[in-house]
Amino acid sequence: WTRPTEGGGGISCVIQDSPVWEKGGCNVSVVFGTLTEKAAQEMAARGKDMLPGAKKFFASGVSCVIHPRNPFCPTMHFNYRYFEITNDEGKKQAWFAGGQDLTPYYVNEEDIRYFHGTLKAACDKHDATYYPKFKKWADDYFTITHRGETRGVGGVFFDDMNEKTEEAMYSFIS
């Protein structure tokens with residue numbers, strides 16, 4: 001798909017009806033254009049200290065979800081995104097966001113320990129505070145309040161992250 005009035009586009013891919021995957025999807029998007037006043041106000045309302053005079057934006061992201069046929073293999077989801085704004089003087093401000101989670105049909109404690117252990121090890125390579133903070137964020141995000149339960153077994157989630165250098169954040173995301 002494309003955004004002919006401003007710029008960028010994306011690709012959406014689906015795999016389905018295979019012997020292994022019931023259905024899976026992957027979406028990649030890279031878009032750019034002029035930041036609307038409403039978008040800037042919404043970002044500021046979320047606590048973002050907006051770059052004065054920000055007018056241009058660039059955003060990219062990748063999102064995947066996989067539903068296996070085997071009910072003993074969990075559904076896996078991840079999405080990661082990057083957003084930047086640039087003011088008239090060319091000064092840039094950027095944020096990262098994303099996460100991943102696991103939703104098993106049948107809970108296997110060993111799988112859950114492995115999944116969370118791998119996430120923790122990946123987070124700890126960059127900052128020992130990431131995993132507990134991002135796990136809690138995911139636990140809160142995936143709580144179905146009216147049922148008193150969570151969707152799946154959690155994962156990690158973060159939003160509007162820019163407290164480290166851009167290079168450090170790219171390294172963490174990749």
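This is a predicted model: local features need pLDDT of at least 70, side-chain atom pairs count only at pLDDT 80 or more; totals for chains, interfaces and linings use all residues.
Tyr 130 counts as buried because its relative accessibility is 2%, where buried means under 20% relative accessible area, exposed means over 50%, and partly exposed lies in between (1.4 Å probe, protein chains only). Residues are numbered from 1 along each chain as its sequence is written, and side-chain values use heavy atoms, with hydrogens and water left out.

Which residues does Tyr 130 touch, leaving aside its neighbours within four places in sequence? Tyr 130 is in contact with Cys 123, Lys 135, Met 161, Lys 164, Met 169 and Phe 172, where contact means heavy atoms within 4.5 Å.

Let us follow one of these partners. The structure holds 17 aromatic pairs. Rings of Phe, Tyr and Trp (its six-membered ring) pair if their centres lie within 6.5 Å; planes under 30 degrees apart count as stacked, over 60 as edge-to-face and the rest as tilted. The rings of Tyr 130 and Phe 172 have centres 4.8 Å apart and planes at 65 degrees, so this pair is edge-to-face. Tyr 130 lies in helix H3 and Phe 172 in helix H4, so the pair ties together parts that are 42 residues apart in sequence. Phe 172 is buried too, with a relative accessible area of 14%. Both residues belong to one aromatic cluster, formed by Phe 78, Tyr 80, Tyr 130, Phe 134, Phe 158 and Phe 172.

Now widen the view to the core. A nonpolar core is a set of buried Ala, Val, Leu, Ile, Met, Phe, Trp, Tyr and Cys residues joined through side-chain atoms within 4.5 Å. The largest one has 16 residues, and those with the most contacts inside it are Cys 123, Tyr 130, Phe 134, Phe 158, Met 161, Met 169 and Phe 172. At least two residues of this core come from each of strand S4 (75-87), strand S5 (92-103), helix H2 (109-124), helix H3 (130-141), strand S8 (155-161) and helix H4 (166-173). A second, separate core of 8 residues includes Val 31, Met 43, Ile 85 and Trp 95.

How do these elements follow one another? The protein chain has 4 helices and 8 strands, and along the sequence they follow the pattern β-β-α-β-β-β-α-α-β-β-β-α. Helices (H or I, at least four residues) and strands (E, at least two) are DSSP runs, numbered from the N terminus. Of the 174 residues of the chain, 33% count as buried. Among contacts between residues at least 6 apart in sequence, 56% join residues at least 24 apart.

The structure holds 10 salt bridges, each a side-chain nitrogen of Lys or Arg within 4 Å of a carboxyl oxygen of Asp or Glu. In one of them, Asp 101 pairs with Arg 151, and the closest N and O atoms are 2.7 Å apart. Asp 101 lies in strand S5 and Arg 151 in the loop between strand S7 (149-150) and S8, so the pair ties together parts that are 50 residues apart in sequence.

Elsewhere, the side chains of Lys 92 and Glu 84 meet at 3.7 Å, N to O. Lys 92 is partly exposed, with a relative accessible area of 41%, while Glu 84 is buried at 15%.

Asp 17 has a positive phi of about 55 degrees although it is not a glycine. Asp 17 sits in the loop between S1 and strand S2 (21-34), and at 58% relative accessibility this residue is exposed. Asp 160 also has a positive phi, near 50 degrees, but Asp 160 is found in strand S8 and counts as buried at 17% relative accessibility.
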